[in-house]
Amino acid sequence: MATKAAGRKPESQLALVRRARKMNRVLAETYPDAHCELDFSNPLELLVATILSAQCTDKRVNMVTPVLFAKYPTVEDYAAADRPEMEEIIRSTGFFRAKTNSIIGMAQAVCERYGGEVPGRLKDLVTLPGVGRKTANVVLGNAFDVPGLTVDTHFQRLVRRFGWTEESDPVKIEHLVAELLPRREWTMFSHRVIWHGRRICHARRPACGVCPLADLCPSYGTGPTSAAEATKLVRPGPFS
């Protein structure tokens, strides 16, 4: 689906694919160490951490999960968890009652439907309580090495700024971006664009003057273009 950025001529699908892939290459060069910033050692831990990350920073989740993972080392432990105890452990991540319901419900479903093993397929993961496509793709891409696009708020904002799409529906965005990049790049592209959104391409004042994508981005100028002013806006990692 070709796009037309404000003040620009319509872009053919072929031109968009070429520009998107070049932008991905630039991001790969800019963020060679991009990775999932949630701490985990197995699929279950990542699934729980990702559920906790809703409306919460990765930094805060990583402060909570060592205690949580130690108390509930298996999916059976989560399934049989005492709600008040779990709520107290995860309270600081926000929406702790809903998240407790999701985690316990997810664990019970994994035990009942999948023999206690977190499934490695999208169609199975999204049937679990508290697990949508975004969470499922995080788990698939980082715990099972199955390529997936993580369409979080940073991702949505940036691909619209890039002029790749005007869609606001996460599922439609996922499918549109999937047509632009090789499947093998999906997981790493997700990390790169999220890192870029956290560090440079901020929601209110992007640091356009130091953005490595400036020559390729139709939204250049949304933030300050002076290198000196833009540099002050850059937020270094590791990130929350």
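Reader: Where is Q55, and what makes you call Q55 exposed?
Author: Q55 is in the loop between α2 and α3. This is a predicted model, with pLDDT of at least 70 required for local features and 80 or more for side-chain atom pairs, while totals for chains, interfaces and linings use all residues. Numbering starts from 1 along each chain as its sequence is written, and side-chain values use heavy atoms, leaving out hydrogens and water. As for the label, buried means under 20% relative accessible area, exposed over 50%, and partly exposed in between (1.4 Å probe, protein chains only). Q55 has a relative accessible area of 70%, so Q55 is exposed.

Reader: And what is there to say about the phi of Q55?
Author: Phi of Q55 is near 55°, a positive value in a residue that isn't glycine. For background, most residues other than glycine have a negative phi. F95 has a positive phi too, about 50°, and F95 is not a glycine either. F95 sits in the loop between α5 (83–90) and α6 (96–114). At 57% relative accessibility, F95 counts as exposed.

Reader: Which residues make the contact of α2 with α3?
Author: E45, V48, A49 and L52 in α2 meet V61, T65, L68 and F69 in α3, where contact means heavy atoms within 4.5 Å. The residues there divide into six nonpolar, one polar and one charged. In that scheme Ala, Val, Leu, Ile, Met, Phe, Trp, Tyr, Cys and Pro are nonpolar, Asp, Glu, Lys and Arg are charged, and the others, Gly among them, are polar.

Reader: Is A49 buried or exposed?
Author: With a relative accessible area of 0%, A49 is below the cut-off and so buried. Beyond four places away in sequence, A49 touches L38, D39, V61, T65 and F69.

Reader: What makes the pair of F155 and F189 edge-to-face?
Author: Rings of Phe, Tyr and Trp (its six-membered ring) pair if their centres lie within 6.5 Å; planes under 30 degrees apart are stacked, over 60 edge-to-face, the rest tilted. By this rule there are five aromatic pairs. F155 and F189 are 5.7 Å apart centre to centre, with 85° between the planes, which makes the pair edge-to-face. The pair links distant parts of the chain, with F155 in helix α9 (residues 153–161) and F189 in helix α11 (residues 186–199), 34 residues apart. F155 and F189 are both buried.

Reader: And why is the pair of W164 and F189 called stacked?
Author: Here the ring centres are 5.3 Å apart and the planes are at 15°, so this pair is stacked. W164 lies in the loop between α9 and α10 (170–178) and F189 in α11, so the pair ties together parts 25 residues apart in sequence. W164 and F189 are both buried. F155, F162, W164 and F189 form one aromatic cluster.

Reader: How do you class H154 and R160 by accessibility?
Author: H154 is in helix α9, and at 19% relative accessibility H154 counts as buried. R160 is also found in helix α9, but its relative accessible area is 33%, so R160 is partly exposed. Leaving out residues up to four places away in sequence, H154 touches I194, G197 and R198, while R160 touches T165, E166, E167, S168 and I173.

Reader: Which residues of helix α8 are buried, and what do they pack against?
Author: In α8 (residues 133–143) the buried residues are T135, A136, N137, V138, V139, L140 and G141. They pack against α2, α7 (122–125), α10 and α11. D145 follows α8 and has a positive phi, near 60°.

Technical notes. Helix = DSSP H or I, 4+ residues; strand = E, 2+ residues; numbered from the N terminus.
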